[in-house]
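Look over the sequence and the model first.

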Amino acid sequence: MSGATLAIAGESLDRLALALVTTLAVASLWLAPSASPAEAVRRTWLLAAAGLVMLAATVIELLLRTAVMADVAPVQAWEFIPRVLGHSDYGLYWQWRLGAWGVMLLAWLWIWRRGWSAGAATLLLGVALATALLVSVTSHAGEAGLWSLANLMNSLHLLSTALWGGAILLYALLVLPELRRQAQWPRIGERAMRLSTLAGLALALVLVTGVYNAWRQLGGLSDLWTSTYGWTLSIKLTLVALMMTVGALNRFRWVPRLVAATRQNPASAAASARHFLLVLHIDALVFLTVLISAVVLGTLPPPVHNGG
């Protein structure tokens, strides 16, 4: 596997883990509290898995960035890591990010020992915010500094995208299957409405911050079809539009039908819930392609950097 492919794979997994951490926090606070003790345990171990993925991904990123800075092969970069950590802005931000991961570990230990609580979920949400900020500052958006408008907007873009897609993944993997297993039909309708509301709010933030990012990085509208960056952005926008279409159908057609069915009879509710779960699985697959396209986009030089 080449260094570029490894970087894309590692960052994609890192973004996926961030999406799960963000959504697990928001789910505990409001979106979808655990339906059973067994599900709460599964969420705890899902958080642990996400944390391990984040740690592995950030170590891989450090190694690859060090290799680029030292102009050596990745296998030769280990000896240069202390110099990068001690004498570069990237190294400083990486250490802060490792500190944020340490706080997440403490939150997980809290949850593991005492169960999910508002305090632990709030701490996790703070970690997700800090992580998004520190991931962004080491990208093109962070060239003007940690607290620059560009970096803050891109951090919000990362976080809102994580929440939008992460909520879909969590519902598809844990929330809806558990509620179906317990035949808690009224709760299915209620939580489907909450998912739709959250997805709408997250989408609005994704669009606002995404438009700002595109305005900064594109030299002109023609760059959308005359540059590799523009083509990749166009693919990402097409996938986002597909997710928006599915979201709109959920909001105005399938979720209202699901809510109505949960108020009627179990047979009707079961069929509607099964259909809604299928839609969520499709939406989750589209989100994963959006996530990968966003990571690829981050590896490309924007047209404004090429004088375009």
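Leaving aside neighbours within four places in sequence, which residues is L31 in contact with? They are T23, V26, A167, Y171, R191, R194, L195 and L198. Contact means heavy atoms within 4.5 Å.

This is a predicted model: local features need pLDDT of at least 70, side-chain atom pairs count only at pLDDT 80 or more, and totals for chains, interfaces and linings use all residues. Residues are numbered from 1 along each chain as its sequence is written, and side-chain values use heavy atoms, with hydrogens and water left out.

**Cores**

The largest nonpolar core has 71 residues. Such a core is a set of buried Ala, Val, Leu, Ile, Met, Phe, Trp, Tyr and Cys residues joined through side-chain atoms within 4.5 Å. L31, L47, L124, W164, F276 and L280 touch the most other members. Helix 6 (149-181) is among the elements giving two or more residues. Its share is the largest, at 15 residues. Helices are DSSP runs (H or I, at least four residues), numbered from the N terminus. A second, separate core of eight residues includes A77, I81, V84 and Y90.

**Two residues**

Buried means under 20% relative accessible area, exposed over 50%, and partly exposed in between (1.4 Å probe, protein chains only).

| Residue | Relative accessibility | Class |
|---|---|---|
| A107 | 0% | buried |
| H275 | 37% | partly exposed |

A107 is in helix 4. Beyond four places in sequence, A107 touches A120, L123 and L124. H275 is in helix 10 (residues 266-299).
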